[in-house]
Amino acid sequence: KEINKIINDLAAEQNNEKAKQARELQRNADYISSVEKADKALEKKDFTNAKILYTQASKLKPEESYPKDKITEIGTQIDMIERDKKARLDSIASLSEGNKKYNAAMAKGNAALQKGDFKNANEAFSVAADLKPNEQEPKDKLELVSQKLFSIEANIKYDTAIAKGNIALTEKNKVAALEFYKEAQRLKPLDSYALNQVKYIQGMLTKDSLDQAETQRIAEAVILEEVYTKRFQEGMKAYANYENAAGLANYEDQLFYLKQFLNIVPDNSLFNKRQYNDDPLVFSKKKIQTIRDYLTRTKGAKYQLEPITYLNQELEAKYENINFTLPPTDQSFDSALMASTQNHTQIHKDVLAEAPRVNVADNGTGTVKLSLLSISFKYDKAFYKFKIDNSDTAEFVTGAMQLTQKTTDGIMVKHQAGYISAFPIVLPGKEFFIVYETGDFTVNPQDVLVFEMNDRLKKMKLELNIPVSVYQQEKTRKN
């Protein structure tokens, strides 16, 4: 009995397993069949049946993600189709609305054109042209309206010009009348009235102009003689100042007045006009070179006395885009310091005459070097004496300068100049000294002072770090 029971149980278990396998095989077959049918429906864009079949497949095998992904894909495609359909419908509606507006604008423009209401016609046709930029008809209509408006405006301007010409002629203002009649003639070149009036007035003015020309020639000759006389006097005054400076052996003033003389009297025309026997121009040019040669021999080959060694004409020819009578355009000044009553020029001369007390130089490898020689404190101001040493083969054209204090808090304080002694053109192989004036200010030991000097030709920038200890040391001398 026990054996029979075991045999029967095994047989029942085998039958159950076979039935289970049969059901699984059928489920797989039904799943595959549903997916294949769904794929074919989806391929044909039959989204409704495809979705039903993918849903059946998903129920048969909930663990499979493929049917679920396809259902999501179908939803996305249906949404896209609906959006495209809506966009097409909106586009059709918009196009229809645009056509209505276009036709209404054209109808309004044509009606206004027939009535001679060119302003409203122009506005209506402009609207139509904006609605349909590719349509030629509104453009042609706008051109027609423009011609009508121009014709009306030209007639108004012509009548106005003729009326003004008549009034001016009545008032015997022949020059003004001629201009008004010429304006009318330009507006209507074929109009005989304007043409005849122009010829009539031109005939009258020809006679008047001959009389006036002679009077004007005489007046201009008198004025020109006065100008020549004034220039000659100013030039000879500068030459006399040179002679006084020569008597005092003041080479700086000698060069200044000789160059001033040559700038006022650049050629012999003034001397020839007055039959002047001597030729101070040739003497002045030779004397300038003689003084420069002497200073080079006595002061050293690097010595340059003049901030700018050129005459005005030479300077304009060499640097035609730079106005050396003014500071560089990017130079900043302190207006309060500039308004000071002290004699800047004399103070700067005194500072320049002082012997160097410090020597703070940049450590760069450039051919133009900048160094600080002293700091003087007077009248609550600081005067920095700098040397520009040019060992380059080209001139250094001094540009804008700026002293900046970098505090420990990271604040950048720009100490703008109240006065700068010169913006020199330092010749090759020469050196020149300048003074940069600022207000007296307080520094902390950790601060950094940086002096920048630019080149007007934008070729280089010089930068010099000034130790705070040097500033404080020089300030102690004041006290």
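Since the model is predicted, local features need pLDDT of at least 70 and side-chain atom pairs count only at pLDDT 80 or more, while totals for chains, interfaces and linings use all residues. Residues are numbered from 1 along each chain as its sequence is written, and side-chain values use heavy atoms, with hydrogens and water left out.

Charged pairs come up first. The structure holds 13 salt bridges, a salt bridge being a side-chain nitrogen of Lys or Arg within 4 Å of a carboxyl oxygen of Asp or Glu. One of them joins the side chains of K5 and D9, with an N to O distance of 3.1 Å. Both K5 and D9 sit in helix α1 (residues 2-43), 4 residues apart, or about one turn of the helix. Helices here are DSSP runs of H or I with at least four residues, strands are runs of E with at least two, and both are numbered from the N terminus. K5 counts as exposed because its relative accessibility is 53%, whereas D9, at 43%, counts as partly exposed. For these labels, buried means under 20% relative accessible area, exposed means over 50%, and partly exposed is in between (1.4 Å probe, protein chains only).

Helix α1 also holds E24 and R27, 3 residues apart, again about one turn of the helix. Their closest N and O atoms are 2.9 Å apart, in a salt bridge. E24 is partly exposed at 34% relative accessibility, and R27 is partly exposed too, with a relative accessible area of 23%. Another salt bridge brings R357 together with E354, the closest N and O atoms lying 3.1 Å apart. Here R357 counts as partly exposed, with 27% relative accessibility, and E354 is partly exposed with a relative accessible area of 21%.

K172 is not a glycine, yet has a positive phi of about 65°. This lysine lies in the loop between α5 (137-170) and α6 (174-187), and K172 is exposed, given its relative accessible area of 71%. Y379, likewise not a glycine, has a positive phi of about 55°. Y379 is in the loop between β2 (368-378) and β3 (381-390), and counts as exposed at 51% relative accessibility.

D362, in the loop between β1 (360-361) and β2, is buried yet has no salt bridge, and the nearest side chain of opposite charge, K369, is 4.2 Å away. For charge, Lys and Arg count as positive and Asp and Glu as negative, with His and the chain ends not counted. Leaving aside residues up to four places away in sequence, D362 touches V368, K369, L370, E463 and L464, where contact means heavy atoms within 4.5 Å.

Q402, found in strand β4 (residues 396-406), is buried with a relative accessible area of 12%. A polar atom of the Q402 side chain lies 3.5 Å from the backbone oxygen of H415. Beyond residues up to four places away in sequence, Q402 touches several residues, among them S332, K414, H415, Y436 and F451.

How values were computed
A polar contact is a pair of N or O atoms within 3.5 Å; within protein, one must be able to donate a hydrogen and the other to accept it, and residues adjacent in sequence count only if both atoms are side-chain atoms.
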